[in-house]
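User: I'm new to reading protein models and would like to learn how to look at one. Could you walk me through this one, feature by feature?

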Amino acid sequence: MPDSGTTPLIALRGVCKRYVRGQQSVDVLHGVDLDIPEGDFIALMGPSGSGKTTLLNLIGGLDQPTEGSVAVDGKRIEGLSSAELAAWRACNIGFIFQFYNLLPMLSARRNVELPLLLTSLPAHERKRRALLALELVGLAARADHKPAELSGGEEQRVSIARALVSDPRLLICDEPTGDLDRHTADEILSLLKALNESHGNTIIMVTHDPKAAEYARRQVHLDKGVLVGEATNGAHA
Amino acid sequence: MRFFSLVWASLLRRKTRTFLTLLSIVTAFLLFGFLDAVRVVFTQGSAQAGVDRLITTSRISFIQPLPLAYRERILAVPGVATLAHANWFGGIYQDRRNFFANIAVSPAEYLAIHPEIALSDGAYEAFLSRRTGALVGRELARKHGWAIGDRIPLQATLWPHKSGSTTWTFEIVGLMQAGDERARKFENQMLFRYDYFDEGRMSGQGTAGWYIVKVRDPAESTRVALAIDALFRNSAAETRSQSEKEFNLAFARQFGDVGLIARAIMAAVFFTLLLVTGHTMAQGVRERTAELAVLKTLGFDNGLILRLVLAESMLMVLIGGLTGLSLASLTLPLFKTFGAQLPPLRIAAESWVAGFGIMLGLGLVVGLPPAVRAMRLGITEALAER
């Protein structure tokens, strides 16, 4: 569903993905076309096995399409080498996972600092920025705590701070509230919404949860590897 | 250095396992330090010998005596500057465990031919004037609490006194110090006068254990050695002349090929260490599959992941290895087992270099397979396993 008016931040054209396991091959995506403008907040929905996470991985440069093209801000990424993709991800994408994926042996601050290790920033600047990101998600006071000492919601906030710290253009969230209770999930989703509205972060969020999807500007539905529908949420409209 | 905290934290992820692995590395390098010090002493102690000195012994064995009458004939060989003679006494002080070299020497000649021996004040004159006089190494005197003027009884094992007694008594008239590195062995020896020994022994008068021959020109050593041996060919006591280096080496090899034994033990130890450390590293990386995938997701490229895992194994091996070698270096001076004839045990520079090389090699071999595995890790597959 390309947007014909403005230049999109993300443009997918005819994207197919086939996984081959031994003798068997499985087609997960079938010619997906999708445009996402800068500043958008999209909820990518669909049943299990519909290809949501695969699509997210392709947009995030974690995987390569079998056919078609993926362009982010006009740059096609499907042909980039592994090292080029890594560098591109470090500069452009912030990832938020369902299970937070924090490194257990590092404090919250050290976890948030990880993406900055790939920059040439001096140690004191890295620390300052990590604390700032933690402050943004309301966790500055827990900076020295290790993940095991934090609640699920707090861990996800650290994960969001880690995704934000390098100021990426795009936040990719894979079921960010899938492991949280309703109340905490609402807090996290409110935080994402605020980031989108006040900081202009473009967000793509995979979710099964219709309530979570309501926090997005748009909902895009995927089924059996094909985009089957799109809706704009009223609150954002 | 930016990534040091990450590498360090990964290493401390499982503290007990890392500690136990470190302990095995420390133990292996401690053992390496000990064994290599022994190997160096036994194989390179000879390198400290004088280059201008030949040792002439019986061709059969250096414990077979040579006639004293050879003395003048050797002196007449062109290229020979001077010579001294000596005899192994093999006396025991109180207990066999107190072993040290005690040697009967022709006093003035022996000291003249060994300028590297530094004597305490008045020792030289006292040694030449007192027939029962003995020079003892400073280290040996310190070990037994001896002082100048003390009378030291030695129990003869090879040379009983002609009176029938096996006890020989010597008076300490001076201390020997190492004037330079070559003389370190003298700090654990005792020298006494050959004339006192020869007159007092029950048998073997008129013979010497070996001759120390000083040549005028070190470049002529081989020719002089051949000339000396040619002089006594087909006689009842044929000779074998060799450089002091070769002689010391042959002496050390009485104990077996220590270098080979040491190397064999070290190879077994390091092979075991390789398996233990390799298993630890492999398990450590396997457990962190998802974490490594997260790092890749954040933008850590494959090369960086490879280097981080390698740095982890290198750091672990270097910490353990340097601790082990340092411990060996600190504790070796407490062992003076070989001090009698060979230099004291210590970690030589070449052992540090070899040890460091082994650490780097071990770190690389142990770290490379898991590092390559981590490098090849597919992000989506690894995250999906979680």
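Predicted model: local features only at pLDDT ≥ 70, side-chain atom pairs only at ≥ 80, totals over all residues.

User: OK, now sheets. What should I look for?

Analyst: The general idea is that strands of a sheet pair through backbone hydrogen bonds, either parallel or antiparallel. In chain A, look for an open sheet of 4 strands in the order 2-1-4-5, with antiparallel pairing. Strand 2 (24-36) and strand 5 (75-76) of chain A are at the edges with a single partner strand each, so one side of each has no neighbour in the sheet.

User: How many bridges hold strand 1 of chain A to strand 2 of chain A?

Analyst: There are 9, and strand 1 covers residues 10-21. You can check the pairing residue by residue: A:A11 has A:D35 as its bridge partner in strand 2 of chain A, and A:V15 sits opposite A:V32 in that strand. The hairpin of these two strands has 2 residues between them, and A:G22 there takes a positive phi near 65°. Strand 1 of chain A also pairs with strand 4 (residues 67-72) of chain A, antiparallel again, over 5 bridges. On that side, the bridge partner of A:A11 is A:A71.

User: Where could I see parallel pairing?

Analyst: Go to chain B, where strand 4 (residues 101-105) and strand 9 run parallel and are joined by 5 bridges. B:I103 is opposite B:L191 in strand 9 of chain B. Strand 6 of chain B, by contrast, runs antiparallel to strand 9 of chain B, with 3 bridges between them; B:V136 has B:M190 as its bridge partner there. Strand 9 (residues 189-193) of chain B is mostly covered, with 5 of its 5 residues buried.

User: And helices? Why is helix 5 of chain A called largely enclosed?

Analyst: For a helix, check how far it reaches and how much of it is covered. Helix 5 (residues 152-164) of chain A has 13 residues and spans 18 Å from first C-alpha to last, close to the 18 Å expected at 1.5 Å a residue. Of those 13 residues, 11 are buried, so the helix is largely enclosed by the rest of the structure. Among the buried ones are A:V158, A:I160 and A:L164, but also A:E155 and A:R157. The cover includes helix 4 (123-136), helix 6 (182-199) and strand 7 (170-174) of chain A.

User: What about the nonpolar core?

Analyst: In soluble globular proteins, nonpolar side chains tend to be buried together. Here the largest nonpolar core has 119 residues, and A:I42, A:L44, A:A161, A:I172, A:I204 and A:M205 have the most contacts inside it. Helix 2 (residues 15-44) of chain B contributes the most to this core, 14 residues. Another core, of 55 residues, lies apart from it and includes B:Y70 and B:W168.

User: How many residues of chain A are in contact with chain B?

Analyst: 20 residues of chain A are in contact with 22 residues of chain B. Helix 2 (residues 82-92) of chain A supplies the largest share of chain A's side, 6 residues. By class, that side has 14 nonpolar, 3 polar and 3 charged residues.

User: Last one: how confident is the predictor?

Analyst: The model scores ipTM 0.89 and pTM 0.70. Chain B has a mean pLDDT of 88, with 93% of its residues at 70 or more.

Technical notes: Residues numbered from 1 in each chain as written. Chains lettered and ligands numbered in written order. Pairing = 2+ DSSP bridges. Contact = placed C-beta atoms within 7 Å. Nonpolar A, V, L, I, M, F, W, Y, C, P; charged D, E, K, R; others polar. pLDDT = per-residue confidence, 0-100. Expected span 1.5 Å × (residues − 1). Buried ≥ 20, exposed ≤ 12 C-beta atoms within 10 Å, placed from the backbone. Core = buried A, V, L, I, M, F, W, Y, C linked by C-beta atoms within 7 Å.
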